[in-house]
Amino acid sequence: MLPTPCILLLTFLLPSLSRLGAALNFTLPGQHPSPELVAQEVYRKVNASVTRRHLLQISEKDESSSSSCYTGNPIDDCWKCDPNWPNNRQRLADCAIGFGQYALGGKNGEFYIVTDDSDDDPVNPKPGTLRYAVIQPQPLWIVFPANMLIKLSQELIFNSYKTLDGRGANVHIVGGGCITLQYISNVIIHNIHIHHCYPSGNTMVRSSPTHYGYRTKSDGDGISIFGSKDIWIDHCSLSHCKDGLIDAVMGSTGITISNNYFSHHDEVMLLGHSDSYLPDSGMQVTIAFNHFGEKLVQRMPRCRRGYIHVVNNDFTQWEMYAIGGSGNPTINSQ
């Protein structure tokens with residue numbers, strides 16, 4: 001008679017366990033306790049910037065002057081209005097809005113100048129290359145003295161506290177990978193062209209000066225954010241990648257994706273690993289001032305769980321859908 005009550009007990013317990021799991025609070029490190037307040041602050045900053053632009057336009061019309069700086073974009077107002085920004089590059093780290101506003105990048109770190117566009121050895125990268133910079137343990141503000149086309153041999157695995165600052169140059173990253181942010185924090189990627197990324201892997205790749213390991217085949221994302229927090233991607237262009245242009249999965253949070261140009265791609269942006277992956281309920285992402293351009297199909301973004309604030313974006317066209325969700329996400333679209 002023992003098997004029968006055991007089976008009945010499991011029959012009643014399994015639904016209860018399922019409800020208990022759904023009720024658990026999967027709080028992620030870096031998750032903001034009041035996402036609505038963050039969204040309201042973004043809205044306030046946008047309105048303040050637009051009002052400032054309007055007032056300056058009236059003032060300039062009256063004074064027949066055009067010397068004032070106004071953009072209507074609080075991110076650009078923060079740094080572009082400084083005519084000396086090339087000598088004050090790290091001010092950019094104070095300019096993010098939304099959930100990624102705490103991304104420090106390489107703030108207060110040394111400047112690293114990329115002088116070598118090669119990527120011949122993913123295990124022992126040469127000093128002067130981009131790969132050598134991004135694996136270092138200390139904060140670095142990475143800049144480019146001239147236009148560059150960097151053809152990656154394997155995925156480019158970042159360490160924490162890095163800024164990739166492409167302002168003043170025309171920097172393209174293509175090839176295997178491309179950019180992987182895995183279990184790290186505090187990364188800013190600004191003004192970089194990322195395109196034609198394809199799967200790579202099944203080989204050794206270095207992720208820090210003290211560690212390299214075997215990497216299985218990558219998906220071919222433009223930027224893969226995996227279990228990471230405090231990430232800001234701004235003023236980049238992304239297109240023609242094998243999988244997603246930007247994917248944020250596996251408990252990533254504290255992310256702002258702003259002022260980017262997306263084009264020529266099917267599955268543009270995935271936020272959340274799967275409908276059943278409960279830790280992504282704590283994912284918080286701001287999508288602001290992006291231009292979703294020509295020849296896009298879907299996922300602008302595709303949201304699985306989490307709180308996603310989509311504000312002031314320009315959607316030129318799509319073939320299937322623009323914004324979609326499943327797994328009970330909160331999508332605040334303005």
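Is N159 buried or exposed? With a relative accessible area of 16%, N159 comes out as buried (buried is under 20% relative accessible area, exposed over 50% and partly exposed in between, using a 1.4 Å probe and protein chains only). The model here is a predicted one, in which local features need pLDDT of at least 70 and side-chain atom pairs count only at pLDDT 80 or more, while totals for chains, interfaces and linings use all residues. Residues are numbered from 1 along each chain as its sequence is written, and side-chain values rest on heavy atoms, with hydrogens and water left out.

As for its setting, N159 sits in the loop between β4 (156-157) and β5 (162-165); helices (H or I, at least four residues) and strands (E, at least two) are DSSP runs, numbered from the N terminus. A polar atom of the N159 side chain lies 3.2 Å from the backbone oxygen of I135. Setting aside neighbours within four places in sequence, N159 touches V134, I135, Q136, P137, I184, V187, S207 and S208, where contact means heavy atoms within 4.5 Å.

Now to the cysteines. Searching the whole structure turns up two disulfides, a disulfide being a pair of cysteine sulfur atoms within 2.5 Å. One of them pairs C78 with C95, with the sulfur atoms 2.1 Å apart. C78 belongs to helix α3 (residues 74-80) and C95 to the loop between α3 and β1 (110-113), so this pair ties together parts that are 17 residues apart in sequence. The link of C78 and C95 is left-handed, with -70 degrees about the S-S bond. Both C78 and C95 are buried.

The other disulfide joins C178 to C197, at 2.0 Å from S to S. Here C178 is in the loop between β6 (171-176) and β7 (179-182), and C197 is in strand β9 (residues 193-198), so to speak a link between distant parts of the chain, 19 residues apart. This link of C178 and C197 is left-handed too, at -105 degrees about the S-S bond. Both C178 and C197 are buried.

What about C241? The closest cysteine sulfur to that of C241 is in C197, and at 3.6 Å it is too far for a bond. C241 counts as buried because its relative accessibility is 9%. C236 also counts as buried, at 3% relative accessibility.

How values were computed
A polar contact is a pair of N or O atoms within 3.5 Å; within protein, one must be able to donate a hydrogen and the other to accept it, and residues adjacent in sequence count only if both atoms are side-chain atoms.
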